[in-house]
Amino acid sequence: MADSATKPTVTTGLTQLPIIGKSDVKPTWCPGCGDFSVVAAVESALKRLKIPSQNVVIVSGIGCSSNLPHFLSSYGFHGIHGRAIPLAEGIRWGNHGLTVVATGGDGDGFGIGAGHFIHAMRRNVDLTYVTMDNQIYGLTTGQASPTSTMGHKTKSTPEGVIENPIDPVALALASGATYVARGFSGDVKHLTDLVANGIQHKGFAFVDVFSPCVTYNKINTFDFFRQRVYKLESAGHNPSDIVAAWQRSLEWGDKIPIGLFYSVEKPSYEDLEEVLAAGPLAHQPAGIPKDSKVLDEFL
Amino acid sequence: MTEIAVRVGGQAGDGIASIGESIARSFSRMGLHVFGLNAYQSVIRGGHVWFQARATDGRAYSPGDGADILYAFDRASVDIHAAGIRPGGTVVFDPEKFPLSASDVPTGVRPLAVPTLEIARKYTSQSILQNAGGIGAIAYLSGIPLDLLHGVLTDSFGRKTGEVVDWNLGASADGFHFAEKQTHPHDHALSKKGAPKLLMTGNQGIALGAAAAGCKFLAQYPMTPASTIMHWMAAHSRSLGIVVKQAEDELAAIHMAIGASFAGVRSMTATSGGGFALMTEGLGMAGMTETPLVVVDAQRSGPSTGLPTKTEQGDLNQLLGAGQGEFPRAILAPSNPAEAYRATIHAFDLAERWQTPVLLASDFHLSESMMTVDREEIDLNVDVPSLFTVTPNGQEYRRYQYTESGVSPRAMPGQAGLNFIAGSDEHDERGHLISDVRAGIPTWVSERQRMMDKRMRKIHGLAKDSPPPVLEGPANAPITFVAWGSTVGAVRDAMAVLSAQGKATNLLHFPTVYPLDPEVVRAAFARAGRTLLVEANYSGQFGHLLRAETGVDLNDHLLKYDGEPFLPHEIVAKAVGMVG
């Protein structure tokens, strides 16, 4: 049924695009937003790993931070609220030769999308998930988020939040993630290391980033974190020790750890899905082979 | 045309469906046309379940009206089904389980006591073997040769061999010979007619069609009556190279399928109405990002949880309206397993060609009923072209380029020089957002309209490429039935009954329920008789759609929403009432 009307052919003459860079779309985030550091860290990490930009797909949901794919020169999918993870999983399974980085915010990942977050980690899908956690809903102008702390007064909680926040790091450990880290937008170099190592990690790599909202969150600010964060790498933490990782994940107060909490080598979902052993699905033959005996079962 | 129908009734857990399937498969191997109806409840053990295997030397498109042989596992099965046994029929029962006398069954029907438990005890203490004796007796009554039955039973054990298979063969032979000594075969017992036919369910037709069309990825969440699509695909995952993912919910299922499609793989998801409701937002994203996708809705009685194991065509409005805003879609509605095979292939072709979601409307009655398919009706040799169709020509790549057809060049991640962002926000030709800092700015206001027009133009192509309504039966008939989906089967059988009574009718069958080309549809109705909509829902949703899209107003309707499929006699009665 193919005809010229539905099979147009146009593109550039390039056979390989350079390593990732900025796109010609300028970020629309508020000046001073923590997310600028995250896009810079993702770009630097991919540059460091020298992955050709045509082999990178950046996936997101909806929210301020979910605009991120537009600002880089790779492939991208800017999906709908809360569904970045299953979209990213489908892309990985469709072509596991691609490097897939999912990005988004705390509302997207730990609120509306929390179920997908947990299941992707127990599957150990080989993708990297970077959350820009600002503990507030920014794009909808300042409501409480799943990580807003108790007592936080927002437009939707004028008397203060009366429910406990989700701890994304502890949740990731409980869900079987094989790479669990936390970064801070105030330290791009450290964050770049966490993201780059996460991309190199085989399996689900989770990097939660304290990425302050300078407009709607007046509590969890850059200063708030600068005064509190310390690096696990400098504190003698052993990231292969899950019990120690649990203990560190519970720390919240005057001292808040950032860095790599936990890392372990395990087979990824793609390793265990036998059909993928024959190569990326997108490049495998499709259809039923002519000599198939599949109809015999219906006789 | 001669037909014989065997009904088996008992409790869930008795093995009713496997007995029914063995009988149905025996008939199909005899070269007869078969319709197998599996009627069950939303319980795993207990309750009442039944299976009807109807065979004819003509064509069987529905369960038909009544049965000739009832194999009753309990007294309740007699009470529920005896009235449906036609004169000359037999009720097979085991007197060790409950007594039954001639006065307990309708006039002209005889009880036949078969000692199925006693036969079973010859071989084992496992009472499940009673089923084999019963099957043997039924086979004798309905004309199934013993050796053919033994072939079916042996094959049903797969690679298993040993005493269990031997017991089943022995016990079924005992039941067969017991009946032979007691009585004679039913007057309508059929004999072999030709080469064995394929026997498959609608869901198997869909799954097979998807595989043939090049589907390489299925994500699904369990939901009756769609689950058996996933079961078939999972069982064939390795041999056919298809990744099957049971997702955490339907939201994930549709997004996984969209992700895989974006990555360059033909993808599908399947569900029932409740799961489809959850997929709604993802469906719109497939429309907005112009990502091909096939979604199966195997409908069941709604609203809400409704009747999970009963049929309805109540989701048409949902399929039409699912998603905020507007985007092009097509809805195909096969009526039987052979059509399901072909419609699924067509759905993949449309989705890919027009880069938009295509919906396949099935329902419980189609998805879970079995029907014979002639070997020639299934052509596995389907052209599956590569999805990598965009080639470099030195110009800037615009994923959402404005074109006359509305279809833009589609690149796959991994292709050099074609990087783009698929956006669920409104976007320009390059995929850049026009939803934030550009929204409302005059230049971009008109871009939004152009992009919307581009996408929506695809509806014309979808209409042109989707199968048009088909007139079945004589061209000039006083009554024209109008039907879509599984309901078509009972209409076809009703037409045969009416024809035998000398009453000519015809059928306008809609294999595509949306989009409808008004000119084509109006032309199809130009020579129609009095029109009768036969549809399995409360409000006649297709009738409303037909009027809205084409201005065609139907004369009368026969609607059913009790969860049960249409039976031919109901349609015959309505038609006779219309013409007198």
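1. Helices (H or I, at least four residues) and strands (E, at least two) are DSSP runs, numbered from the N terminus. A few conventions before we start: residues are numbered from 1 along each chain as its sequence is written, while chains are lettered from A and ligands numbered from 1 in the order in which they are written. This is a predicted model, in which local features need pLDDT of at least 70 and side-chain atom pairs count only at pLDDT 80 or more, whereas totals for chains, interfaces and linings use all residues.

2. Let's take chain A as a whole. Chain A has 9 helices and 8 strands. Its C-alpha atoms fill a box of roughly 70 × 45 × 40 Å along the principal axes.

3. Of the 299 residues in chain A, 53% are buried (20 or more other C-beta atoms within 10 Å of a residue's own, with C-beta atoms placed from the backbone). In helix α5 of chain A, residues 168-175, the buried residues are P168(A), V169(A), L171(A), A172(A) and L173(A). Just after α5(A), have a look at G176(A), which takes a positive phi of about 95 degrees.

4. Now to the interface: 63 residues of chain A are in contact with 80 residues of chain B (contact: C-beta atoms, placed from the backbone, within 7 Å). On the side of chain A that touches chain B, the elements giving two or more residues are β2 (75-78), α2 (84-94) and α4 (114-123) of chain A. The largest share, 8 residues, comes from α2(A). By class, this side has 30 nonpolar, 27 polar and 6 charged residues (Ala, Val, Leu, Ile, Met, Phe, Trp, Tyr, Cys and Pro are nonpolar; Asp, Glu, Lys and Arg are charged; the others, Gly among them, are polar).

5. A pairing across the chains deserves a look too. β2(A) pairs in the parallel sense with strand β15 of chain B, residues 421-423, over 3 bridges (pairing needs at least two DSSP bridges). G76(A) stands opposite I421(B) in β15(B).

6. Finally, chain B is assigned domain 1 (3-196), domain 2 (200-377) and domain 3 (470-579), with bounds from an automatic or database domain assignment. In chain B, 12 residues of domain 1 are in contact with 8 residues of domain 2.

Note on methods. Contact = placed C-beta atoms within 7 Å. Buried ≥ 20, exposed ≤ 12 C-beta atoms within 10 Å, placed from the backbone.
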